[in-house]
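Q: Could we go through this model together, one topic at a time?

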Amino acid sequence: MLNTQKIREISEYVQDQLPDSVSKHIPSRLPAFGKGSSNYPYAVTRIRAMRVKLFPRDAYPRFLNMSLDEITRKIGESEYKQDIDELSREYTGVNLIEHALNRNMAESSQKVLRITEGEPHELVREYLRVFDIDDIKTILRGKLHNIPEDQILQALVTGGALRYTFLSGLVTKNVDEIIASFSDSPYGPILKRFDGTNFPEIENELDKFYYENLFEAIGLPSSADRKQFDQFVRREIDIKNLSLLLRVKKYEALENAESEGTQCIIEDVSSMMIPHGLALDTDKLKSLCYDDFIEALRLTPYWDVISAVLENADLKSVSLTDVEARLTRFNLTKVTENSRRFLISIIPILEFIIYKSNEVRNLRIIIRGKSVGMDNELIKDRLVIL
Amino acid sequence: MAVQDVKPTRSELQDLQKRIKLSQNGYKLLKMKRDGLILEFFKILNQARGVREELDAAYANAVEKVNLASAVDGSFTLKSASFAVDAVPTIELKSTNIMGVVVPKIEGSDVHKALHQRGYGLVGTDAYIDDVADAYEILVEKIIVAAELETTMKRLLDDIEKTKRRVNALEFKVIPEFQEQVKFIRLRLEEMERESMSSLKKIKKKKAAQA
């Protein structure tokens, strides 16, 4: 029997053989199928019960008005109690809270993977692969630059399919052994290209692989819920590409202003672009200089979101972190719009994962911000309240 | 040497006069060196005052950026990105000479790196990480400048202090003591001359009485 991978390979082969005039009319991906029986009703019911335990949206403004001790106590009385109690021997203060938040999020992700079967399981696994990729990058970065093993272990999140025991085993190996450990995984072909000097490129390839793989896993969006998921992923790709282009264009403009030059300093920006975005023409945008790039952005659906930061702003004072904060808020708000329409589908599951990671993100911003005396307005500005 | 210990001889007197001349020349030169060093010190002080303020501002900015990044991206992500930094800035230490005082000349290389050469992949990171990297690169640059200026100032201050002590020792101790000794020898020699004159007169008187 043919599996999905085999079918994809055959499809790619057939497309390669066809003339361009014909192949451009054929979709670049196949509908997702062959993923076994799904258990949407059971999974969604369990997810609803988990969703109830999340902090409500009005909790964050209250947290902002509390002292750090009060927030810590509130978090310690919530779903995070067990994680805080168990980690309190190793960590203290803000670090304890952050480790507890991450551990809880990792456990929630594992739970979602456990309670889903068939298609939702496959989709969630692909969506959570970002944690695996982050952990692989962290281990390889640490091993390449001789970071002590305990420090590498402390920086792992383990929110994806790779378990802590496997990852902690990798930390004791050398770089070649780690790469060999992934030879049979989807990361193998990318990691094999590592030649000792090109690790940033390997990182970029891994991150691109995540989105391409997720895009493939969603398949042709035949239903409204899959269309929503598809649009969320493709919008996230746009946002990634847009922030990367902004970072590169601003850097080049500043360097050129200093040297009075006009050339593109980062030439391999094309290799960093993630394909399959929703509304951004990266081929056109990547070749423009900063001013033309900003002009071209006006024609995109993202301009309204970021215009307040970019419009008439001096190049040096443009805050790209503000742009990223606005784009993140925009995408998360979009995916949760009309989500009640899709009661028994992948959307409530995806929505829970997004709400959970957003809760962890918001709590971390409040706790970290309060601990260093950050201005309440600045903290509020970085929160995404869904 | 105490005045009483000096041998009241003509050769000693000549020797002392030579030493006074040498000390006075040394005193003049040291005084010029001290004034020159003070001038140099004030020149560097003006630069250092601005640099210290810039260093403080760069440090505050770097701390703010790192706090923001660890709040938004999380300290795990930030730590992971920091693991990726492979080209550590190197410091080259040379030395220059300001009026005989050896001061350091510090030059840093690989401090400011291009966006795509920082060791981490750009696709998986964000502007918060870039801001932290930028802020710390600026901070390291300021530290290098401040280290050079402040070490130079410290060395100059030490040397000014040393030179001042030497000038004061020559002015208030060595030269006055030599002058005191010269005075003592002169008095002693004059007295010895008077003694010998009176004894010669007595001998002459005795001889005249015998004759």
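Q: What do the buried residues of α18(A) pack against?
A: They pack against three helices of chain A: α15 (224–259), α17 (290–297) and α19 (320–336). Buried means under 20% relative accessible area (exposed is over 50%, partly exposed in between; 1.4 Å probe, protein chains only). Helices are DSSP runs of H or I, at least four residues, numbered from the N terminus. This is a predicted model, in which local features need pLDDT of at least 70, side-chain atom pairs need 80 or more, and totals for chains, interfaces and linings use all residues. Residues are numbered from 1 along each chain, chains are lettered from A and ligands numbered from 1, as written, and side-chain values use heavy atoms without hydrogens or water.

Q: Which residues of α18(A) are buried?
A: Trp303(A), Val305(A), Ile306(A), Ser307(A), Val309(A) and Leu310(A). Because six of the eight residues in 303–310 are buried, the helix is largely enclosed by the rest of the structure.

Q: And what follows α18(A)?
A: Asn312(A) follows, with a positive phi near 55°.

Q: What does Phe229(A) touch?
A: Leaving out residues up to four places away in sequence, Phe229(A) touches Leu123(A), Tyr127(A), Leu214(A), Ile218(A), Ile346(A), Ile347(A) and Leu350(A). Contact means heavy atoms within 4.5 Å.

Key:
Helices (H or I, at least four residues) and strands (E, at least two) are DSSP runs, numbered from the N terminus.
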